[in-house]
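Let's take a walk through a protein model and look at how some of its parts touch. Keep the 3D view open while you read.

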Amino acid sequence: MNPDLDKLQPYPFERLARLKADVEPPLGLDPIALSIGEPRHPTPSFIGEALLTHLHGLASYPATRGGDALRESIAGWLAHRYTLPQDLLDPQANVLPVNGTREALFAFAQSAIDRTLDPLVMMPNPFYQIYEGAALLAGAKPVYLNCNADKGFLPDFGALSDSHWDRCQLLYICSPGNPTGAVLSEHALGRLIDLAERHDFVIASDECYSEIYPDEDAPPAGLLGAAVKSGNDEFRRCVAFNSLSKRSNAPGLRSGFVAGDPELLKRFLRYRTYHGCAMPPPIQAASAAAWSDESHVRRNRDQYREKFDNAIAILSPVIDITAPHGGFYLWPRTPVEDVTFARELYRRANVTVVPGSFLSRDTAAGNPGRHHVRMALVAPTDECIEAARRIRAIVESLAESDITGPGV
Ligand SMILES: Cc1ncc(COP(=O)(O)O)c(C=O)c1O
């Protein structure tokens, strides 16, 4: 067996299941899960209808690079969303469909890393766990860039020396961030593109929360837009990943894309051809329809805005919490250890959240997930409000309660 498999960490949900295993939540309270980042607003019906009308596509093998219609709709969406110059993106060369960003973020490292050169892969800390597994199985060493409150929960890129950046082959960034909700500005992205140029590494920008943001007039910047702004209109060393899972409430569709540097995508397509991960034709048709519509995405944002406004109004008087700049997570500072806090919320309020330290790693400068929990506001508004009220009650009573160590 591949010995690198033994380097993979237990997934946060395995650790969460262990944390909850010997705890009895109160019987009279319905469970509320704020733990899983799975959108729960309904998938727009036109997406399912497009899927059904194209079921005849099941009769043929799809091309790994996807059909023209899908690649053109993705290129059109990107050009409009990031105000890219007309026709700059070539749907044939700059875009590849993928079966959700999870598989693509993982697979990309397998094609981008040269394991003979003692490679480093940089990533935020806390982080979406796939980045680390991808680095380890590609034969690279993960390097964690702490995201702390004093830097607005953005990765501390300045913490590494030039010799680290020289060994860096791939930098994962996630903006808006899971779990912190922090957003990298176009200026910050431009500086990273300069850094990548100087030290010759690739930036893989996970933008799958890009369409969930509070201010309609200030959508989060993206890597491809920043590349053009900084004069890199060939997108050298830049690839952006996005998905319909969060944008269109369609996580079961398994549909996303990677776009950017044509040379990198050519190599990645070669990898994918052997890996065998073409997107089924009816999914391609449903995806093209989804990327071509914005009204459902705006309605989606309205619903998140209502939930965040309510939850923050309830929680902010008792806990250190700020509204995210994007995405659907809250990342409050906990009044006691995060693992203890999560266990108490489950034990006393039947609310499940993820301890921050399950999403981050220990570093010489500490573990930036400690004293935080991740709350996904994916449930209907009423349920999110009820969860926030229960959490507030627990925080208010914590001082008097008898909290013991977590034991996990
Ligand atoms: C930061 C981040 N990236 C990528 C993904 C993967 O999403 P999908 O594979 O559904 O596109 C997720 C899912 O939760 C995520 O939180």
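Rings of Phe, Tyr and Trp (for Trp, its six-membered ring) count as a pair if their centres lie within 6.5 Å. With that in hand, look for W77, Y82, F257 and W291: ring pairs link these residues into a cluster. Keep in mind that you are looking at a predicted model.

**Ring pairs**

How many aromatic pairs are there by this rule? The count comes to 16 aromatic pairs. Here are two of them, side by side:

| Pair | Centre to centre | Angle between planes | Kind |
|---|---|---|---|
| F108 and F268 | 5.3 Å | 85° | edge-to-face |
| W165 and F201 | 5.3 Å | 20° | stacked |

Now hop over to W165 and F201. This pair also links distant parts of the chain, 36 residues apart. W165 sits in helix α6 (residues 162-167), while F201 is in the loop between α7 (186-199) and β6 (202-206). Both partners are tucked away: W165 is buried at 2% relative accessibility, and F201 is buried at 1%.

**Two helices crossing**

Next, find helix α2 (residues 45-53) and helix α11 (residues 281-291). Their axes come within 7 Å and cross at roughly 145°, and the crossing is right-handed. Which residues make the contact? From α2 you have F46, I47, A50 and L51, and from α11 there are P282, I283, A285, A286, A289 and A290. Sort them by class and you get 10 nonpolar residues, no polar ones and no charged ones.

**Two charged residues**

Let's finish with a lysine and an arginine. The charged end of K20 sits over the ring of Y346, 4.5 Å from the ring's centre. R71, for its part, lies in helix α3 (residues 68-81). Is R71 buried or exposed? Its relative accessibility is 2%, so R71 counts as buried. Leaving out residues up to four places away in sequence, R71 touches R65, G66, P91, Q92, V95 and P97.

Key: Residues are numbered from 1 along each chain as its sequence is written. This is a predicted model: local features need pLDDT of at least 70, side-chain atom pairs count only at pLDDT 80 or more; totals for chains, interfaces and linings use all residues. Side-chain values use heavy atoms; hydrogens and water are left out. Axes are lines fitted to C-alpha atoms, for helices over the stretch in contact, and angles run from 0 to 180 degrees between N-to-C directions. Helices (H or I, at least four residues) and strands (E, at least two) are DSSP runs, numbered from the N terminus. A crossing is left-handed if the near helix is turned anticlockwise from the far one by less than a right angle, and right-handed if clockwise. Contact means heavy atoms within 4.5 Å. Ala, Val, Leu, Ile, Met, Phe, Trp, Tyr, Cys and Pro count as nonpolar, Asp, Glu, Lys and Arg as charged, and the others, Gly among them, as polar. Rings of Phe, Tyr and Trp (its six-membered ring) pair if their centres lie within 6.5 Å; planes under 30 degrees apart count as stacked, over 60 as edge-to-face and the rest as tilted. Buried means under 20% relative accessible area, exposed over 50%, partly exposed in between (1.4 Å probe, protein chains only). A charge sits over a ring if NZ of Lys or CZ of Arg is within 6 Å of the ring centre and within 35 degrees of the ring normal.
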